Amino acid sequence: MADDVIKVKDLVKVYGELRAVDGITFDIEKGEVFAFLGPNGAGKTTTVEMIETLRTPTSGTIEILGLDIKKDRTEILKRIGVLPQEFSSFDRLTVEETIKYYADLFSADCDVDSLIALVNLDEHRKQLYMNLSGGLKQRVGIAVSLVNDPEIVFLDEPTTGLDPRARHDVWNVISGLRDEGKTIFLTTHYMEEAEVLADYIAIISKGKIIAYGTTNELIDKHFKTINVTIKGGGEGVVQIAKGMGMPIKSTENGNITVEASGNDQIVEFLNNLKSKNIRYTSMDIRKPNLEELFLVLTGEELITQGSDAE
Ligand SMILES: Nc1ncnc2c1ncn2[C@@H]1O[C@H](COP(=O)(O)OP(=O)(O)OP(=O)(O)O)[C@@H](O)[C@H]1O
Ligand SMILES: [Mg+2]
């Protein structure tokens, strides 16, 4: 497409015996939020750092902003912004000094005040970096990635290890960037983050892209059914579902989840509960989410045990 700002084709990175990135192809359009979703060790950082010209591909091609990663490296670096995984800065500089420092380093003529406002750090501008919480530090990192007013911003796991509140604050900042028309390449292992923020999602596992599309496309393609969870209804719910031939997905802590083929079956199921006078405390009807999709595609949990800082 004419508006593609990143084109990756047959990209491979080999470390010794390991094919860390194993032949991936995708395009990203201008103004899109692209989420690269995968568990620890999937190959996210390796891929993103090849696109950022920081690592050299073993084979395959990358075109970014119509430029070649080998020949046009200096030009590319001027036009992209990068928040590396585990960003860290100088302990004894304030928020304001940190952003100014990086702006000078990039010889960027940036408006520090509006950058501070964009990442919602007005209240903290005089605070030392070392005294900021993890979420605030990440927001400083995002501001630093923006000093050169980049066209594409790469954010490598910007919310890993943050509490839910801090994560939402970072999401708000990322939405603000999207509203400004930036193209955003976001790597994450939180499916919820991808669902909330991304226009397109590529799921990567063991160096390969195993699914690609919008959240709805991915779910619709892989799941034709809808989960209905009834809380506090007891054995009668199971009997009715069985009588209707609906598969029982789980029965945990008084929650019974059954699989419905579509809306008509859900209505019939609820009518049957009513006519048999089965009372329940709550009901939840939803499509499976990306977490379940990942499980179905790989047989593995997206967030592996012990890998999450939460
Ligand atoms: N410089 C390197 N030398 C050797 N192996 C490497 C190197 N960098 C990465 N790897 C390996 O390549 C694989 C992919 O690593 P990568 O850092 O790209 O994963 P990731 O998806 O970013 O994971 P995480 O979510 O933990 O950041 C891993 O098995 C990793 O150990
Ligand atoms: Mg990584």
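The domain assignment of the protein chain, an automatic or database assignment, gives domain 1 (4–220) and domain 2 (225–286). The centres of domain 1 and domain 2, taken over C-alpha atoms, are separated by 42 Å. The model is predicted: local features need pLDDT of at least 70 and side-chain atom pairs count only at pLDDT 80 or more, while totals for chains, interfaces and linings use all residues. Residues are numbered from 1 along each chain as its sequence is written, chains are lettered from A and ligands numbered from 1 in the order in which they are written, and side-chain values use heavy atoms, with hydrogens and water left out.

Helices (H or I, at least four residues) and strands (E, at least two) are DSSP runs, numbered from the N terminus. Two strands are taken to pair if DSSP finds at least two bridges between them. An open sheet is formed by four strands in the order 2-1-4-5, with antiparallel pairing. Its edge strands, each of which pairs on one side only, are strand 2 (18–29) and strand 5 (67–68). Strand 1 (residues 4–15) and strand 4 (residues 59–64) run antiparallel and are joined by five bridges. Ile 62 in strand 4 is the bridge partner of Val 8. Helix 1 (residues 44–51) packs on the sheet and touches strand 1, strand 2 and strand 4; its direction makes about 125° with that of strand 1. Here, contact means heavy atoms within 4.5 Å, and angles run from 0 to 180 degrees between N-to-C directions, with axes being lines fitted to C-alpha atoms, for helices over the stretch in contact.

A further open sheet consists of four strands in the order 12-13-11-14, and the pairing is antiparallel. Strand 12 (248–252) and strand 14 (282–286) are the edge strands, each pairing on one side only. With direction ignored, neighbouring strands of this sheet are turned by 15° against each other on average. Six bridges connect the antiparallel strand 11 (residues 226–231) and strand 13 (residues 255–260). Lys 231 has Asn 255 in strand 13 as its bridge partner. Helix 10 (residues 263–275) packs on the sheet, where it touches strand 11, strand 13 and strand 14, and its direction makes about 20° with that of strand 11. Helix 9 (residues 235–243) lies across strand 11, strand 12 and strand 13, and runs at about 175° to strand 12.

Two packed helices are described by the angle between their axes and the distance between the axes. The axes of helix 5 (residues 134–145) and helix 6 (residues 164–179) come within 9 Å and cross at roughly 15°. Helix 5 is therefore roughly parallel to helix 6 (angles under 35 degrees count as roughly parallel, over 145 as roughly antiparallel, 65 to 115 as roughly perpendicular and the rest as oblique). In this contact, Gly 135, Gln 138, Arg 139 and Ile 142 of helix 5 meet Ala 166, Asp 169, Val 170, Val 173 and Leu 177 of helix 6. The residues of the contact of helix 5 with helix 6 comprise five nonpolar, two polar and two charged; Ala, Val, Leu, Ile, Met, Phe, Trp, Tyr, Cys and Pro count as nonpolar, Asp, Glu, Lys and Arg as charged, and the others, Gly among them, as polar.

Helix 8 (residues 215–222) and helix 11 (residues 290–298) pack at an angle of about 50°, with their axes 10 Å apart. Helix 8 is therefore oblique to helix 11. Thr 215, Leu 218, Ile 219 and His 222 of helix 8 make the contact with Leu 290, Leu 293 and Leu 297 of helix 11. By class, the contact of helix 8 with helix 11 has five nonpolar, two polar and no charged residues.
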